[in-house]
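Thanks for making time this morning. I would like to walk you through one model, with the sequence and the structure on the screen while I talk.

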Amino acid sequence: MTPKTVLVVDDEPDIVLTVRLALELEGYRVLTAGSGEDALERLERERPDIILLDLRLPGIDGFAVLERLAQNTPPVIVLSAHASGGAMQRALEMGCREFITKPFHPEQLVDKIEAILQGRG
Amino acid sequence: MDTAAHPLEIALGIAFLLLSAVCLAKAHRQDDRALSLAGWAFATIGVLMTLTFFGPVTDYRYSFLGPFSLLLFLWSGYLLLLFRHSLLPLGPSFRAAALGVTLALTPLIVVADLPYTDDPRLSGVQFALVMAIALLWSIFVGGTARTFWREARDRPSVQRARLRMLSTGFIGLVVVALTWAGTSGDQSTLLLGVKLLALGMVPLLYVSFAAPLWLRRAWRDKEETSLFAARDLVLFHPEIRSVAEHAVHWAQRLVGADAGFLISAQGDVLAADRLDAADVDRFRLEDSRSVIEVPLEYGEGTGSLVLVTGPFTPLFGSDEVERLEAFGSIVAVALDRVRLIMALGHENERYERLLQAVSDLDEGVVVTDQGRLVYANDAYVRMTGYTLDELMALPSLLELSLPEEREQITERLRLRLAGGDVEDHYEAGLMHKAGHRVDTESAVKLIQTDEGVRIVSVIRDVTERKRHERQLRELDATKSEFISNAAHELRTPLTAIVGLAATLADSRDLLEEKDVNACIEGLDRGAKRLALLVNRLLDFTQLDTGRLQLDLQAVSLAEIAEQVLEANPAPEDVEVRIEISDNFIVWADPVRLDQILTNLISNAYRHGGHEVRIHAERDDDGVLVDIDDDGPGVPEALIDSLFHPFVRGSADQQGAGLGLAIVRRLAEAFGGRVTYHPVRPHGARFRVRLRPAA
């Protein structure tokens, strides 16, 4: 079975580290991007199974990334420090599948990813 | 001798005796001492005249007649003087002198043995005696006439006419006496004239003591005319006491009374003229002949108008009483009128007070009739900025409402007038004359008046309150945003700490050595960042609320700058130049100044280029410290909010987003300032202005 690929888009190196370690331990292949532009560029070349997207990014922000994702994009989970309902609602309306508020426990993240991937499979 | 003179003499005698009888009878009836004195004086004159008639008839043998007539004459003068004294007292010395002279002349007359003939031949001494007596008589009687004439001057016309008449009679007598005494028998024509004049004086004196009705009315006529002319002024005065005063005054004038007072139905003395309180009480209690009481029937009950007659008051007959009663009924009407006016006045006063109270309110009160202003208090007028006249001239107050609200207000008004269920309280804006908006809160009620429906609105200016509410909301929003931002900042390091700690705890054995190290380093960074963030938040909130404790003192700028550079050495690719030429001593908290410079210098290291320059100089206002770099500078879009909390350059991931906000507030707490200036062609300059210590 080929490992599932996850693209982590976040400008905070320690968040990327945290998510990468947690997911790699679960057997996922982890790709990372430090900005919105970075992420969109990577997506042109690669096709991850799921995208983890931060909303506050240097340059174009998470919402802009959501807007520019292709029609048949992989499912997106937003990881945000925004606790307000406004951001969550907006992100969900723009097509993200899950909205996880920081801080979160790695298990919580893994559970959501698995649920989405299994539901899809 | 002229025979025509003789019947005249007997007529004179009879006339004076009759006058005397009338006076004495009246004096007896009225117990009037003055009048009885006058009566006795006229009696002596009457006897004198009668003797003059009998003289020639009885021939000259009754030699006693000469001195006796002269004695009668002398004493008649003294009696007339006493009459005057009983009305208007003489000085005691004058009175004593008068009596003395009269008494002294009496024996002289007897001794002189005057001949009594129709045409006596008098010796020089005898003539002198006769002339002295005539002169004395003239002084007594003429003086009395003069006194009466003068006394009449300031009295009611009724009394005046009487006194003048009396005075004229006395003067007539003096003329008669002097002429008679100085006339010899051959001047019979002159003597006849004198006797006729004397006869003419008798009716004059008679009416002055017992005036007939027609004459009393004639005397009164002048007062009636004045009263008629002044009746509105005097009787319809709006004040009850002055109505009473006028009533007393005019009643006295009408009948020639000396004093008077007016008592209300409750027994209060409303007015008293020429009487003090004790007099009034005395007259109220005593049933005196000299007092006339006229009942006053008016709304409150029966009061009375009381008049006190005086010695010069003419006869007081039923005509006078009737006249006074008629006058009394007018006074009663006037009293009723005043009471009504007073009652209305009280009502009016209450209304005025109410209006005044409404005027003084802080809230505007407005009464409108179909939109047009009927009443507005000062507060409303002030609220609009217009004058009351300008507001009154508006076809409708609706013109002051905001255009966007007019339709709604009109509709609400229509509903209200139609009896619909409309909320009495609402908020609306109004356009101030100066053009700005005034926020108001109105309470509206309809009132039914005789002239139709009026709308009463109580309007409160809530502009200030709204502004406060807006400010509070803004402040609240700022606080919420701050808390939300602060929470956001805390979430990032927390996420790393929670995640990395969980990974280490659960799967440490599965991790490679370098990943374990990465985890531990990540935890360390997260914890440090969390600590930094919490410290910054505390600093910021303390600065923001003015609770940060500062230790302000004179500080050497160069020393602090060196200390900062030692603790924060430049990265390898950055060159720092420090240009602090002088030993600037500034007023600051050294720890906090260190914090400011550390923050700005590390920013320059992080965001700048390869060169950082620290430069200080003095200007008129203080010491300027510039921290310049040759980096890209702060993006245009960020400049305005650069010093706001949680605003940071996109590349800045390490800070809490509070650094510059804190730096600015710290500098302000020292009395200084931090500003940003772009550097051409590229670069950033942060300028710290500090107060010199001296």
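I will go from chain B as a whole to its interface with chain A, then to a sheet, a helix pair and a few backbone details.

A word on conventions: this is a predicted model, in which local features need pLDDT of at least 70 and side-chain atom pairs count only at pLDDT 80 or more, while totals for chains, interfaces and linings use all residues. Residues are numbered from 1 along each chain as its sequence is written, and chains are lettered from A and ligands numbered from 1 in the order in which they are written.

Let me begin with chain B, whose secondary structure comes to 20 helices and 16 strands; here helices (H or I, at least four residues) and strands (E, at least two) are DSSP runs, numbered from the N terminus. Of the 694 residues in chain B, 32% are buried, where buried stands for 20 or more other C-beta atoms within 10 Å of a residue's own, exposed for 12 or fewer, and partly exposed for what lies in between, with C-beta atoms placed from the backbone. Two residues are in contact if their C-beta atoms, placed from the backbone, lie within 7 Å, and among the contacts in chain B with a separation of 6 or more, 65% are between residues 24 or more positions apart.

Now to the interface, where 24 residues of chain B are in contact with 21 residues of chain A. On the chain B side, the elements that give two or more residues are α15 (463-507) and α16 (513-544), and α15(B) provides the largest share, with 14 residues. By class, that side of chain B has 10 nonpolar, 11 polar and three charged residues, on a scheme in which Ala, Val, Leu, Ile, Met, Phe, Trp, Tyr, Cys and Pro count as nonpolar, Asp, Glu, Lys and Arg as charged, and the others, Gly among them, as polar.

Staying with α16(B), this helix has 32 residues and reaches 46 Å from its first C-alpha to its last, close to the 46 Å expected at 1.5 Å a residue, the expected span being 1.5 Å times one less than the number of residues. Which residues of α16(B) are buried? They are Cys519(B), Gly522(B), Leu523(B), Gly526(B), Arg529(B), Leu533(B), Arg536(B), Leu537(B), Phe540(B) and Leu543(B). An α-helix has 3.6 residues a turn, so residues three or four places apart point the same way. What covers the buried residues of α16(B) includes α1 (13-25) of chain A, together with α15 and α20 (659-669) of chain B. Just after α16(B), Gly546(B) takes a positive phi of about 70 degrees.

Next, the sheet. Five strands of chain B form an open sheet with mixed pairing, in the order β11-β13-β14-β16-β15, two strands being paired if DSSP finds at least two bridges between them. Its edge strands are β11 (575-580) and β15 (673-678) of chain B, each of which pairs on one side only, and the twist averages 15 degrees from one strand to the next. Within this sheet, β14 (622-629) and β16 (684-690) of chain B run antiparallel and are joined by seven bridges, with Asp629(B) opposite Ala684(B). Helix α17 (557-567) of chain B packs on the sheet, touching β11, β13 (611-619) and β14, and its direction makes about 170 degrees with that of β11(B).

Elsewhere in chain B, helices α6 (157-181) and α8 (213-235) pack at an angle of about 145 degrees, with their axes 8 Å apart; axes are lines fitted to C-alpha atoms, for helices over the stretch in contact, and angles run from 0 to 180 degrees between N-to-C directions. In that contact, Ser157(B), Val158(B) and Ala161(B) of α6(B) meet Trp219(B), Arg220(B), Lys222(B) and Glu223(B) of α8(B), a set that divides into three nonpolar, one polar and three charged.

Finally, the backbone. Most residues other than glycine have a negative phi, and most peptide bonds are trans. Arg274(B), not a glycine, has a positive phi of about 55 degrees; it lies in the loop between β2 (269-273) and α10 (277-285) of chain B, and it counts as partly exposed because it has 14 C-beta neighbours inside 10 Å.
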